[in-house]
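Student: I would like to learn how to read the charged pairs in a protein model. Where do we start?

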Amino acid sequence: MRAIVLDRYGPSERVMRLAELPDPVPGAGEVVVRVAAVSLNSWDVDLATGATLVRLESPFRPKRRVIGSDVSGTVVAVGPGASRHRVGDAVFGELSAAGWGGFADLVVAREDAVVARPVGLDDLTAAALPQAASMAWQALGGAEAVAPDGSSDGSLRGRRVLIVGAGGGVGTFAIQLAKRGGAHVTAVERAVWKLDALAELGADVVAAGGPDGADSRHAFDLVLDVVGALPPARAKELLADGGRAAYIGGSPGRIAQVLFAGARLDRHAGAGDDDGAEVVAEPARSISLLAAVPNRDLPAIAALAAAAELRAIIDGPHPLEQVPHQLARLQSGAVLGKAVIELG
């Protein structure tokens with residue numbers, strides 16, 4: 001089979017190449033999927049370049065020779081004991097917790113790492129959904145938050161949502177899901193050329209850079225920072241009473257700041273006065289790093305996409321040999337939505 005292989009850390013166009021590898025054989029509880037499409041994520045860039053957090057696990061050379069996590073395709077082989085899928089089934093899913101390997105014609109994974117692809121959902125869209133749409137869905141609060149009837153306590157109806165770094169995969173899905181839930185959405189993106197597309201997706205306000213000025217203080221019920229652009233102190237200033245900030249990405253330094261700020265707010269929320277009595281104050285603001293659960297929400301997300309209620313903004317499709325170049329484009333911020341590779 002063809003695969004894009006990674007033998008050392010560095011710029012993707014220097015360290016990744018197209019090669020021929022043996023076809024994988026499924027073990028117990030595994031399936032082999034013929035990949036029809038695979039999308040790119042910032043995690044792929046980190047794995048290729050050897051970002052700080054990646055090197056903590058594997059300091060000198062990549063742990064995985066073939067990366068790529070978000071795939072859509074067809075099951076072509078089933079290992080002993082695997083019963084969830086059959087040969088010929090259309091499936092898709094995120095493989096980041098199941099060995100990666102998506103930048104190839106064939107990939108082997110645990111059978112629970114992929115889910116059934118519904119009729120009406122094409123491979124390109126299916127490959128764009130797993131990581132980015134799931135992160136947006138979970139950061140916004142899940143099915144109750146994005147339900148259009150606004151009947152639950154967790155609904156976004158009438159809430160004000162700020163999405164920072166809105167022009168990527170997570171951001172473009174988050175705009176649509178938040179609007180579906182009835183929120184007022186402010187989308188912030190440093191690339192000015194992406195702003196028109198964000199408005200077309202439904203964002204009520206689009207801005208280059210970030211929100212500023214006195215009128216933005218305590219303005220938002222939810223701040224979703226996809227790229228780790230906001231210092232936690234600034235995110236807290238932007239939150240209304242009872243609001244929360246959810247971070248998805250960022251540098252190791254920013255992630256450490258977010259974890260510290262979240263723990264600090266948790267401690268203060270339970271603090272009492274000098275006599276030990278509990279102080280009644282405004283509803284607490286919260287700051288946290290999103291711990292997304294792979295594949296958990298994909299059936300619900302896929303149903304929306306199949307019904308044309310959720311749109312994937314696709315850059316491409318590109319051929320398999322273009323993976324190194326497309327990762328370089330993703331790293332530079334040149335991709336709107338999701339870059340998707342199509343395999344013939």
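Tutor: We start with exposure. Buried means under 20% relative accessible area, exposed means over 50%, and partly exposed lies in between (1.4 Å probe, protein chains only). At 55% relative accessibility, Lys63 counts as exposed.

Student: What should I know about the model itself?

Tutor: This is a predicted model: local features need pLDDT of at least 70, side-chain atom pairs count only at pLDDT 80 or more, and totals for chains, interfaces and linings use all residues. Residues are numbered from 1 along each chain as its sequence is written, and side-chain values use heavy atoms, with hydrogens and water left out.

Student: What is a salt bridge, and how many salt bridges does the structure hold?

Tutor: A salt bridge is a side-chain nitrogen of Lys or Arg within 4 Å of a carboxyl oxygen of Asp or Glu. The structure holds 13.

Student: Which residue forms a salt bridge with Lys63?

Tutor: Glu57 does, with the closest N and O atoms 2.8 Å apart. Glu57 is partly exposed, at 49% relative accessible area.

Student: How do I read helix and strand labels?

Tutor: Helices (H or I, at least four residues) and strands (E, at least two) are DSSP runs, numbered from the N terminus. Now use them on another pair. Arg65 and Asp7 form a salt bridge, their closest N and O atoms being 2.9 Å apart. This pair links distant parts of the chain, 58 residues apart. Arg65 is in the loop between helix H3 (52–57) and strand S4 (70–78). Asp7 is in the loop between strand S1 (2–6) and helix H1 (12–15).

Student: What about Arg285 and Asp241?

Tutor: Their side chains meet in a salt bridge (3.0 Å, N to O). Again, the pair links distant parts of the chain, 44 residues apart. Arg285 sits in the loop between helix H10 (252–269) and strand S13 (286–289), while Asp241 is in strand S12 (residues 239–247). Arg285 counts as buried because its relative accessible area is 15%. Asp241 is partly exposed at 43%.
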